[in-house]
Amino acid sequence: MITLRIRGLYAAALTSLFHQYAQLYEIVQPDEEIQTRMPRTWRMDPPDVTIDDHPEGRGSRDTIRMAGPADAVEHLLGLLRERCADVIVLRRESSQLGATYMGLVGIVSRVRRRAIVYIGEQRAGILPLRYEDRELRAGAHIPVRIEALTSEGDDRLQLSAVISVPGQYAVLTSSQSVKFSKQISDEATRERLQQLGEAQPTGGWGILWRTAAQDVEEALLVQEIERLTQASRDVQARLAATTAVGYVYGGEMVAHVLLSGQAEAACDALRAEVLPTLPGHHKYRAQGDVYGAIVNALEKELPPEVLRARTASLSVLSSIDTMQLPIHDTVRFLVRQLNGQLQETGPGQRLAYDLDQGWVDVRETVFEQEGLSSDLPFDKQPGDYAITRFQEGSWSYVRRFYGRDGSWKGDEACLTTPIAIFSDQVHLVDLRVTLHHSPQQAPVMMGLEALQTLAKQGVVGLTLFETVRSEGEAILQRFTASAAQNVAAEQP
């Protein structure tokens with residue numbers, strides 16, 4: 001069981017999501033709005049993982065932060081990717097504390113009762129020697145856990161030879177004994193937990209009962225020990241398969257996660273199960289006060305049954321247009337890179353749009369538009385321009401390039417996560433997968449291999465990669481068919 005504390009813009013939606021998996025996750029310390037809308041007995045224990053949104057310099061809140069044990073955070077990311085294909089991990093920040101490494105013993109000092117152990121990446125730590133470590137020799141490989149980031153009187157890592165597998169109520173340790181949190185002082189409780197711990201078949205692992213265990217039914221404690229025992233077997237298997245010095249598992253992690261078009265739409269549906277929610281709620285609330293104030297007003301004024309019945313044809317953008325927010329003549333592009341950087345380009349001239357159908361046509365002057373690709377398959381000349389239709393929710397867009405005389409010069413298709421259109425902006429994610437097509441060059445797709453590598457690294461999910469590949473192949477077929485027609489038309 002992983003306990004979660006969730007705050008921020010996405011709190012209601014993510015609470016609704018993880019509540020559907022009550023056998024795996026439990027929400028603790030919910031905010032007042034959730035407590036009011038979901039009346040029940042809530043635990044106020046410290047969480048394993050905290051989740052909140054991460055405002056950026058320009059005030060947008062498209063990303064969330066997940067902080068906690070690395071294995072737990074990765075588990076949550078896996079669930080998010082199952083529900084939302086366009087979830088992207090912009091970056092991971094790992095903390096060494098609690099992580100397990102395969103170490104190489106360097107210097108062993110029997111006098112000082114410690115050893116220097118190298119754990120890779122040109123790092124070493126101090127391992128205090130126990131009685132059972134008396135046979136330890138230089139050159140030996142030994143699993144170690146980072147106990148503290150510094151040792152007393154030394155700036156090197158403090159290591160422990162006791163490996164642990166943490167849970168909500170207990171911690172399994174490679175030290176074969178039953179121990180207790182210092183906060184468990186009642187003798188009867190200690191005796192009960194002692195007997196319960198000794199009765200559990202842990203495969204030789206010890207048990208450290210956490211403070212939360214003293215008020216929990218024994219059946220739940222037994223279930224957790226069974227789960228941790230299986231996890232300890234997995235740890236042993238990882239250690240047995242490790243042949244080189246370096247990281248094995250565990251530690252803390254902070255993951256910065258982008259929630260783009262599909263994910264925010266999924267959050268709308270999840271939030272609607274708890275609170276009255278207009279479709280487009282997270283898309284617009286994430287962009288700051290101007291849109292957020294209008295969304296809040298609409299959700300307060302409209303009856304819940306009307307909100308639940310609203311469809312894409314009655315979108316937030318349509319409502320905003322009705323409320324006379326200006327629809328700008330020019331459009332700028334906010335392009336998110338996969339490293340998290342946000343680039344603003346443009347402007348482009350709005351030629352036409354349909355709010356209900358969710359599209360906008362934009363004209364860009366090539367030499368005035370710095371965001372256009374430099375590897376286009378034709379020469380760019382003064383007066384060249386591009387016309388693009390952006391469709392809300394689409395995974396791609398195609399720029400058609402023309403000379404100043406109106407002659408077609410080529411096409412460039414770019415793959416993105418689902419597009420988000422605002423009154424003066426179009427939000428895109430650069431997945432670095434493009435297709436080119438011109439009279440001088442046969443259709444070609446580039447960048448798919450690099451995206452596959454990012455999928456293997458956990459930056460994007462496999463579902464996103466497969467979606468992009470399918471979308472790219474469909475565009476490639478259209479480009480190929482168009483090229484064949486052009487060749488046929490040129491033949492006498």
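Reader: Is Asp133 buried or exposed, and at what relative accessibility?

Author: A residue counts as buried when its relative accessible area is under 20%. In this predicted model, Asp133 has a relative accessibility of 7%, so Asp133 counts as buried.

Reader: Which residue forms a salt bridge with Asp133?

Author: A salt bridge pairs a side-chain nitrogen of Lys or Arg with a carboxyl oxygen of Asp or Glu, within 4 Å. Here the partner of Asp133 is Arg130, and the closest N and O atoms of the pair are 3.1 Å apart. Arg130 itself is partly exposed, at a relative accessible area of 31%.

Reader: With which other residue does Arg130 form a salt bridge?

Author: Arg130 also pairs with Glu132, where the closest N and O atoms lie 3.3 Å apart.

Reader: How many salt bridges does a search of the whole structure find?

Author: The search finds 15 salt bridges. One of them joins the side chains of Asp52 and Arg65, at 3.0 Å from N to O. This pair links distant parts of the chain, for Asp52 belongs to strand β3 (residues 49–53) and Arg65 to strand β4 (residues 63–69), 13 residues apart.

Reader: How accessible are Asp52 and Arg65?

Author: Asp52 has 26% relative accessibility and therefore counts as partly exposed. Arg65 is likewise partly exposed, with a relative accessible area of 30%.

Reader: What does the secondary structure of the protein come to, and how much of the protein is buried?

Author: The protein has 12 helices and 24 strands. Of its 492 residues, 50% are buried. The accessible surface comes to about 24,100 Å², and carbon and sulfur atoms account for 49% of that surface.

Reader: What share of the contacts joins residues at least 24 apart?

Author: Such a figure concerns how far apart in sequence the residues in contact stand. Among contacts between residues at least 6 apart in sequence, 59% join residues at least 24 apart.

Definitions and conventions: Residues numbered from 1 in each chain as written. Predicted model: local features only at pLDDT ≥ 70, side-chain atom pairs only at ≥ 80, totals over all residues. Heavy atoms only, no water. Helix = DSSP H or I, 4+ residues; strand = E, 2+ residues; numbered from the N terminus. Buried < 20%, exposed > 50% of the residue type's maximum accessible area, 1.4 Å probe, protein only. Contact = heavy atoms within 4.5 Å. Areas by Shrake-Rupley, 256 points an atom, 1.4 Å probe, with all protein chains shown as cover.
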